[in-house]
Amino acid sequence: MSHLAIFSLLFIFLFNFSLATNTIYNVQNYGAKSNGQTDSSNAFLSAWKAACASTSPATIYVPRGNYLIRNAEFNGETCKSKAIIIRIDGTLLAPSDYNVIGNEGSWIKFEKANGVSIFGGTFDGQGASLWSCKTSGKNCPKGTTALAFYNSNNIVISGVTAQNSQMFHILVDGCHNVKLQGVKVSSPGNSPNTDGIHIQSSSGVSIMNSRIGTGDDCISIGPGNSNLWIEGIACGPGHGISIGSLGWESQEEGVQNVTVKTVTFTGTENGVRVKTWARPSSSFVRGVLFQHIVMANVQNPIIIDQNYCPNHESCPHQGSGVKISDVTYQDIHGTSSTEVAVKLNCSKTNPCTGITLDDVNLSYKDGRAEASCVNAGGRASGFEELSHCL
C-alpha cells in the first residue's frame, strides 16, 4: 500500500473519529421554534447548558428558519467542554419592540466563554423602530449590542451576518485571541450609534475579509487594546475605521500595535481616524500602521482629531493628554469629497510625534487634495502638500 493511500485512510479515520466524539445539540430538540414568533430563548440556553456540560467537543446546531430570542446570556465559567461550535443555518431575531430589551446592554451575550466558534447565521437586531425614536428626539432606551463577547478567549466568528442592531453590532471586550473572518455587518447609513465591530480591552484580535456598512464606525477601537490585525475590509456607508474615542478618563489604558491594511472606504464620513478628547489623560496611541488603502469619495480620508467633541456640546476645550506616536500611513490612494483630505489636528499640550506618510496620493475633484497639520511632527513623502507641516 502506498504512502498516499495510508495517509488518506488515516485522514478518513481521524475525521470520522472527530465527528464521533463531537456531540451535536439541535436547538429544536430543546423546544426552539423556527416561526419567528415564539420566544426560543430558553431553548437556546438549554442547548448551551447541555453542550457546556459535555467533557468532549460539542456543536450547537440552529437549523434553517427564524428564531425569536428575547435576550440570552451564555456563561461559560463552569463549562467542562473546552471547544463549543455554534453552527447556524437560520436567523436569530431580536424583539421588534425596542422597549423589551432596549436597556439590557446586550442582546446575545457570551461571558467567560472560552473556545467558542460561531459559524454562519444572521443576527437581526430589528433596530429600526429605536433609530426612529432617537432621531425624533423622544426619550428612548439607549439600545443593545447585538452580539457581545466579554472576558472570553480563543473565539472564532466566521461567516456571520449581523444586521440592523439597536446599537453596536459586534462587541469584543476583555478578550484574547479572537478571529473574525468573512463577517458581514449591515445597517443604514443614517442609523445612529450602530458601530459595526467595537473592540475594547482586548489583545490578539484579527478581523479579516469582511464587509461592513453602518451608521457609525465600521470598526471602532477603544481603550486598552493591543496587537490588532485588520485586513481585507470593505467599509461603507459609515464613519470609517477609528481608534477612539480615547482620553475621556484621566487614567485610561492606551492602544498599541495595530495594523489596518487592504481596506476600501466607499462614501464614508472618515477613512482612517484617531480621535481623542481634549482633556488630561494617561492614554496613548503608538505603533499603528495604515497600509494599502483605497479611498472612494471619502469626506476625511486621513484624520487625527485630538479635539474630538461630537455635536460640539459640553466640549472640554483643554489639551488632550493622549500621546500619539509612531503612526504610519503607507500606500493610500483615492478621492476625497472635501478639499482637505489629510487633517492632523494634534494636541497642543502633547503633540503627535513620529507621524509618517509614505506614498499618499489623494485627489479632490480634478486636482490634488490639500493637507492641514497642527502640532504634528514626522515626515512625508509622495504628498507635497504635507511637506510644510511635517
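## Basis of the model

Helices (H or I, at least four residues) and strands (E, at least two) are DSSP runs that are numbered from the N terminus. The structure is a predicted model, in which local features need pLDDT of at least 70 and side-chain atom pairs count only at pLDDT 80 or more, while totals for chains, interfaces and linings use all residues. Residues are numbered from 1 along each chain as its sequence is written, and side-chain values use heavy atoms, with hydrogens and water left out.

## The largest pocket

Grid points are joined across faces, edges and corners, and a volume is the space filled by probe spheres set on the points. The largest pocket holds about 1300 Å³ of space. Its lining consists of 41 residues, and those nearest the centre are Asn 193, Ser 245, Lys 275, Tyr 308 and Pro 310.

Two or more lining residues of the largest pocket come from each of strand 11 (145-150), strand 14 (170-173), strand 17 (197-200), strand 21 (241-246) and strand 23 (270-276). Strand 21 supplies the largest share, three residues. Sorted by class, the lining has 13 nonpolar, 16 polar and 12 charged residues, where Ala, Val, Leu, Ile, Met, Phe, Trp, Tyr, Cys and Pro count as nonpolar, Asp, Glu, Lys and Arg as charged, and the others, Gly among them, as polar.

An unreviewed UniProt entry places the feature "active site" at His 239; UniProt positions are given in the numbering used here, feature names are shortened, and annotations may be inferred rather than shown by experiment. His 239 sits in the loop between strand 20 (225-235) and strand 21. When residues up to four places away in sequence are not counted, His 239 touches Gly 215, Asp 216, Asp 217, Cys 218, Glu 269, Asn 270 and Arg 273, contact being taken as heavy atoms within 4.5 Å.

The loop between strand 20 and strand 21 also holds Pro 237, which is joined to Gly 236 by a cis peptide bond with omega about 0°. A cis peptide bond also runs from Gly 244 to Ser 245, with omega near 15°, and Ser 245 lies in strand 21.

## Aromatic pairs

Rings of Phe, Tyr and Trp (its six-membered ring) pair if their centres lie within 6.5 Å, and planes under 30 degrees apart count as stacked, over 60 as edge-to-face and the rest as tilted. By this rule there are nine aromatic pairs. In one of them, the rings of Trp 48 and Phe 74 have centres 5.6 Å apart and planes at 65°, so the pair is edge-to-face. Because Trp 48 lies in helix 2 (residues 41-53) and Phe 74 in strand 5 (residues 72-75), the pair ties together parts that are 26 residues apart in sequence. Trp 48 counts as buried at 5% relative accessibility, and Phe 74 counts as buried at 7%; buried means under 20% relative accessible area, exposed over 50%, and partly exposed in between (1.4 Å probe, protein chains only). Ring pairs link Trp 48, Phe 74, Phe 110 and Phe 149 into a cluster.

Trp 277 and Tyr 308 form an edge-to-face pair, 5.3 Å centre to centre with 75° between the planes. Trp 277 lies in the loop between strand 23 and strand 24 (284-298) and Tyr 308 in the loop between strand 25 (300-305) and strand 26 (323-336), so this pair ties together parts that are 31 residues apart in sequence. Trp 277 is buried at 13% relative accessibility, and Tyr 308, one of the residues nearest the centre of the largest pocket, is buried at 15%.

Phe 265, found in strand 22 (residues 255-266), counts as buried at 0% relative accessibility. Leaving aside neighbours within four places in sequence, its contacts include Cys 235, Gly 240, Ile 241, Asn 270, Val 272, Ile 293 and Met 295. Phe 265 and Gly 334 are 69 residues apart in sequence and 9.4 Å apart in space, C-alpha to C-alpha.

Ser 201, although not a glycine, has a positive phi of about 50°; Ser 201 lies in the loop between strand 17 and strand 18 (203-213) and is partly exposed at 29% relative accessibility. Asn 297, in strand 24, has a positive phi of about 60° although it is not a glycine, and Asn 297 is partly exposed with a relative accessible area of 46%.

Note on methods. 1 Å grid on protein atoms, 1.4 Å probe; cavity = no way out; pocket = protein on both sides within 12 Å on 5 of 7 lines; lining within 4 Å.
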